[in-house]
Amino acid sequence: MAGLTLRRARRDPITRALTREVRVTVDQLIQPQFVVEGLKQRAEVPGMGDVYCETPESLLAQVERDMNAGVKAMLLFGVPAQKRERNFDASFTAAQIAALKRRFGADLWVAVDVCLCSSTEHGHCGVLTAERDHVDNHASVEALSELALAYAEAGADCVAPSDMMDGRVGAIRTKLDAHGYERTLIMSYSAKFHSVFYGPFRVAADSAPKIPSGLKDRATYQIDPSRPSDALLSSERDSLEGADILMVKPGLLYLDILKDLSTRIARPWAVYQVSGEYAALELLAAQGLTTSRGAAHREAWIAFVRAGASMIITYGARHAREWLAA
Ligand code: PBG
């Protein structure tokens, strides 16, 4: 009896394409966008190639280019000029959502990150206690729900809480429903780890934790990389609280989590290829140490889909047509 022959199905490009089990298409991709209040000129995000902090004007132009490149879904990060301790002001980000929806309407799907780290003086994702040594869960959830409502009112299709407070998905769902926004989706960063790979993002979003708070990092609210069962528990909880889309973040280093959770929890799964992971591939490509830039990113995207993601948040979405065709 002949042995198992696997190479026949690899012999030419057409056979290889026909026998593929996993495919990535541009309609699975979500493009992050940063928009910064008071910025005079768009500015490159360090290490991220052609990713920019946009002004309100340049944002509209960039989104239009991205849509012409086939991308229909964006994840918006608004960075307000005024930092506060409480009574956060949603107006800058809300105005950008409204401008996008006015210009592009239903052709554009706008998800908006809901967090406080770009709004607070200290850079933490929530409101600090009076002693400034702990993030107050209750006060933070209240503030986050208000922001989410303001974004829904401005026309966001989806709100995406990334703060990691307990109970925020349920609180946001209740608030949105009470105000008639039962069609606004919630994408929860349900399995978000305490990672060191958020570096370029924190420059772009001006959101690194700063002294003088008694808390030097986000370890008291984000998931410890050594505790995968926390990711399961928080994803199950967020699903029950009404999240429509669950997420694993970062991506490449957490493929085991994505595979495991997407098998266990029958919900649409997003994965976030975070700024540091993206920058690492860009650096490899810039140094000529990979066959091509596009092939490097494409291989990562295939891994995400293989592991169970139905959508990928990636800074390279705008290059997908070129990178996926290569
Ligand atoms: C805000 C937030 C972060 C990212 C998305 N939302 C940073 C953080 O938690 O410090 C990271 C995204 C990236 O690195 O691309 N809480």
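Reply: The axes of helix H3 (residues 91–104) and helix H4 come within 8 Å and cross at roughly 25°. Here helices are DSSP runs of H or I with at least four residues, numbered from the N terminus, and axes are lines fitted to C-alpha atoms over the stretch in contact, with angles from 0 to 180 degrees between N-to-C directions. H3 and H4 are therefore roughly parallel to each other, a term for angles under 35 degrees. The crossing of H3 past H4 is right-handed, meaning that the near helix is turned clockwise from the far one by less than a right angle.

On the H3 side, Thr93, Ala94, Ile97 and Ala98 make the contact, and on the H4 side Ala150, Tyr151 and Ala154 do so; contact means heavy atoms within 4.5 Å. By class, these residues are six nonpolar, one polar and no charged, where Ala, Val, Leu, Ile, Met, Phe, Trp, Tyr, Cys and Pro count as nonpolar, Asp, Glu, Lys and Arg as charged, and the others, Gly among them, as polar.

Tyr151 is also one of the residues nearest the centre of the largest cavity, which has 16 lining residues. Strand E4 (73–79) and helix H4 (137–154) each give two or more residues to that lining.

The model is predicted, with pLDDT of at least 70 needed for local features and 80 or more for side-chain atom pairs, while totals for chains, interfaces and linings use all residues. Residues are numbered from 1 along each chain as its sequence is written, and side-chain values use heavy atoms, leaving out hydrogens and water.

Notes:
1 Å grid on protein atoms, 1.4 Å probe; cavity = no way out; pocket = protein on both sides within 12 Å on 5 of 7 lines; lining within 4 Å. Parallel < 35°, antiparallel > 145°, perpendicular 65-115°, else oblique.
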